[in-house]
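Please look over the sequence and the structure before turning to the points below.

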Amino acid sequence: MTFKIFLVLIGIILSLGIHLLPIYIASANTQIVQKPVLEKMQQGKTLYQAGQFADAASDLKQVARAYELQGDFVNQALALNYLSLTQQKLGDWNGASESVTNSLNILNKLNLNSHDIKHVLALTFNTQGSLLLGRGETEKAIESWQKAVNIYSEINDDTGRIGSLINKANAYQALGFYRRSMSVFESVEKDLLSSANSPLKVAGLRSLGNFLQATGKFDESQKMLKQSLIAAQQLQSSSEESATLLSLGNLYLAKAKTKLPPNNAIHQNYTPLRCDTITAISDDAKKDYAQSLDFYQKSLNKSTSEIAKVQAQLNILSVPPELRQKPITQEIAAIKSEIATLTPSRAAIYAKVKFARNLTCLNPPVLTPNSFPPEIIELLKGAVQQSQELKDARALSFASGNLGQMYELQKEYNLAKQYTGSALTLAQSINAPDITYQWQWQLGRLDYLQNNISAATAAYQNAVTTLKSIRNDLVSLSSEAQFDFRDEVEPIYRQLVSLLLNQDAAGKVNQKNLIQARDVIEALQLAELDNFFRDACNIVQQTPIDEIVDNANPATAVFYPIILPNRIEVIVKLPKQKDLLHYTTQTSNQVEDDLETFLKQLQQSYTRKERDQLAEKVYNWIIKGAEKDLERLQVKNLVFVLDGALRNIPMAALYDGKQYLIEKYSVALSPGLRLIEPRAKRRRIEALAGGLTKSVQNFPALTNVENEINKIKSIFRSTSLINQEFTDKNIEQKVSSDTYQVVHLATHGQFSSQLGNTFILAWNGRIDIKELRDILQTREQIVGRSSNVPNPIELLVLSACQTATGDKRAALGLAGVAVRSGARSTLASLWPVGDESTADLMGKFYEELANNPNITKSEALQLAQKYILQKKPHPRYWAPYVLIGNWL
């Protein structure tokens, strides 16, 4: 006789963010078991697959007890293992821990040399790993999974080994741990591709494709998903084929969204519900939308379950209405019909919540009590009730929080707080930080709306703390998720700053709040860069910010301006001053429009009056409140940690009514002073200078680059790479093998708020920002191995680059280059000057560095800009050059 061992594979349905456990079956010999008990085990599996976890747990408890009474300890351990998995789904961590511990204790008393017992033991370690990860004990979870992998390898069970590894990877991804998931997926990719067709291969490749899509690797994702689809078709598995087609639809939907115009607003008014509003769709985006629609429709046609049909129907609603084939009313009616008959499960609950949100966006409510269509509230109440019946804590938290959000929109704040508080308690009880921070934020909004400022502040602080705890994994998301960052992460930081800077009756803000607000601003800067790169930036500098500024020579002040609705808040760290300076400038909602106009006028020839008026306006916003203190403390250098659209503006061009800022102060930028490394002792400077003088890939020739590089060679000992020699491989080879302190790249380049649109141009093609990082950080890798190689690059210069037109956050790309290049400092241009001014300015800058070993880089840049200003007063010639990072 035989019975079935369930090999558990965690599958991900990304369309609704639901994490199910489809169970695949392999045979193993064991003792005879009674048929009724085996049927009960099978029934528990069926209930589990249907998302009816409470009923599944009840059956599995009975099965475990029955096997115990029969003295069948192997099957008892197996049943306890499945019971633990089910209890984890219910958020019953204590029960799950007790079940898996009992299973392991039973197995450890048996003959561990038995092949069958090793099978069950490996499966139990797998389950224990899932439990430990869910409880936040990551290192112990990794140990358990590795034990499972080792046992499967020992008994030559490749299916079990691969399944365990995919369990590990998908569990990481289900919890948002993308970086950890990546390394595991990479270890099984080859095995999956080379294995024979099987349900495991189909689901494994689909999970890998979903992961690659979630991390923005669309081409690789497409490859894996198409392989999964081919395998599913050859197996003639309609359900697996439908699931993979759904994933392909999600892939093309994500690709389409990356091709939409960037979301440029700084969120003057925040809303708790994000509804996509698309004003223009490019032809490329339309093609991707059409592909996604085609895959969703094919998935719908192949669906063998009601929930799969609903998932495809809901995702079709994400395609813009004008590109869909059916009228919206017909689509909604079809979903209503299907969703009403769904078998209770977590998947059904998430579907109801998503449908309610879709209906809200399709019918924006008047924000008054009882203004929602009743069906929206009823859908969410039904989801809450179903979660309670299933005893599914995560689903209940999700449904309750969304119901609270709807009541928030209706201004029924007491009901909103009731459901939000319940959702938060549940999320914390099951250690789910990915939803915990959302309910903490929601609770903070509600407290604020009820004028409970202290409670609101505390709630926001808790939300930021939770976000920091998942920082390494939250950021590894797709480009589509960058839209979510603007709506679901960034507002938390801004609103917390706003709360912390509330003035008391005397019009003051206490120093404790100022320090916290400054820390939040820096945390936002770091979070934006993390989100831009989709991985977390390592912070190596531990020197306190105040210590850096207090010991700087010349005297330095650091400005932290942050744009909030109707005002700009400015915090200033002054040298050798205990207290931070703070002031507020009231503004209209046109701040970004004013900054965009100012940026355009800085580059135009005949706008002096209007340009100077705007330059003075921005000066008054940011600098004027600190004028007397700067003079009193004899400050000579200003460092700016800029926010939003301010990053695109060269601070050197601000105007006090008499002179430009650069005429009085040297100026530098920082994406956050925590990222600044200490100043290196300056030695004799050697430079690598490269660039393009000829037209390449439809970019125009840069006729002054040769003059620029010749000036560098006349000042420093230099190596040059021009035109055909200016390739990524040659740059990497030179950087890794020689002793250059300065790397000067005079070539076309663009900085954008989109990672894929930030690049510099080499002779053999574009070098994107991650490739540039890899090229330049070759030096750092060698430093770790040899004491004969000098420190990382002291200065990276990008002299012919520009920010992306129409992208108000384009300079985020510049900050990204500065942080990730591996250089201590980066000097770059916000727009190309296009004449000999660049060569003259760079020559003067390098002359100052070469002739005065005590001069700082910011001082050298100031002298070079003033030199050009005297010859060409218009800011277009001298203002675009900005120094980022270590200004010393």
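The model described here is predicted.

**The chain as a whole**

- The protein chain has 888 residues, and buried residues make up 61% of them.
- Its secondary structure consists of 36 helices and 17 strands.
- Among the contacts in the chain with a separation of 6 or more, 72% are between residues 24 or more positions apart.
- The accessible surface of the protein chain is about 35,200 Å², and carbon and sulfur atoms account for 47% of that surface.

**Nonpolar cores**

- In soluble globular proteins, nonpolar side chains tend to be buried together.
- The largest nonpolar core in this model contains 152 residues. Within this core, F559, L630, L638, F640, M651 and Y846 have the most contacts.
- Helix α24, which spans residues 511-533, supplies the largest share of this core, with ten residues.
- Once neighbours within four places in sequence are set aside, L630 is in contact with A557, F559, L574, I623, V635, L638 and Y665.
- Another core, of 49 residues, lies apart from the largest one, and its members include I349, A351, A395 and A423.

**Helix α23**

- Helix α23 covers residues 490-500, and eleven of its eleven residues are buried, so the helix is largely enclosed by the rest of the structure.
- The buried residues of α23 include E490 and R494 as well as I492, L496, V497, L499 and L500.

- S397 belongs to helix α17, which runs over residues 393-409.
- This serine is buried, and its relative accessible area is 0%.
- The side chain of S397 reaches the backbone oxygen of A423 at 2.8 Å.
- Apart from neighbours within four places in sequence, S397 is in contact with A423, L426, A427, I435 and W439.

**Aromatic pairs**

- A pair of aromatic rings is described by the distance of the centres and the angle of the planes.
- The model has eleven aromatic pairs.
- One of them is the tilted pair of F185 and F211, with 5.2 Å from centre to centre and 35° between the planes. F185 is in helix α8 (residues 178-194) and F211 in helix α9 (residues 199-214), so this pair ties together parts that are 26 residues apart in sequence. Both F185 and F211 are buried.
- The pair of F699 and F759 is edge-to-face, because the ring centres are 6.2 Å apart and the planes stand at 70°, where over 60 degrees counts as edge-to-face. F699 lies in the loop between β10 (686-691) and α29 (705-715), and F759 lies in strand β13 (residues 759-762), so the pair ties together parts that are 60 residues apart in sequence.
- F759 is buried, since its relative accessible area of 7% falls under 20%.
- Y655, Y660 and W878 are linked into a cluster by ring pairs.

**Charges over rings**

- R766 lies over the face of F759, at 4.0 Å from the ring centre. F759 thus takes part both in this arrangement and in the ring pair with F699.
- The charged end of K872 sits over the ring of Y877, at 4.8 Å from the centre of that ring.

Note on methods. Residues are numbered from 1 along each chain as its sequence is written. This is a predicted model: local features need pLDDT of at least 70, side-chain atom pairs count only at pLDDT 80 or more; totals for chains, interfaces and linings use all residues. Side-chain values use heavy atoms; hydrogens and water are left out. Buried means under 20% relative accessible area, exposed over 50%, partly exposed in between (1.4 Å probe, protein chains only). Helices (H or I, at least four residues) and strands (E, at least two) are DSSP runs, numbered from the N terminus. Rings of Phe, Tyr and Trp (its six-membered ring) pair if their centres lie within 6.5 Å; planes under 30 degrees apart count as stacked, over 60 as edge-to-face and the rest as tilted. A charge sits over a ring if NZ of Lys or CZ of Arg is within 6 Å of the ring centre and within 35 degrees of the ring normal. A polar contact is a pair of N or O atoms within 3.5 Å; within protein, one must be able to donate a hydrogen and the other to accept it, and residues adjacent in sequence count only if both atoms are side-chain atoms. Contact means heavy atoms within 4.5 Å. A nonpolar core is a set of buried Ala, Val, Leu, Ile, Met, Phe, Trp, Tyr and Cys residues joined through side-chain atoms within 4.5 Å. Accessible areas come from the Shrake-Rupley method with a 1.4 Å probe; for residues, only the protein chains shown count as cover.
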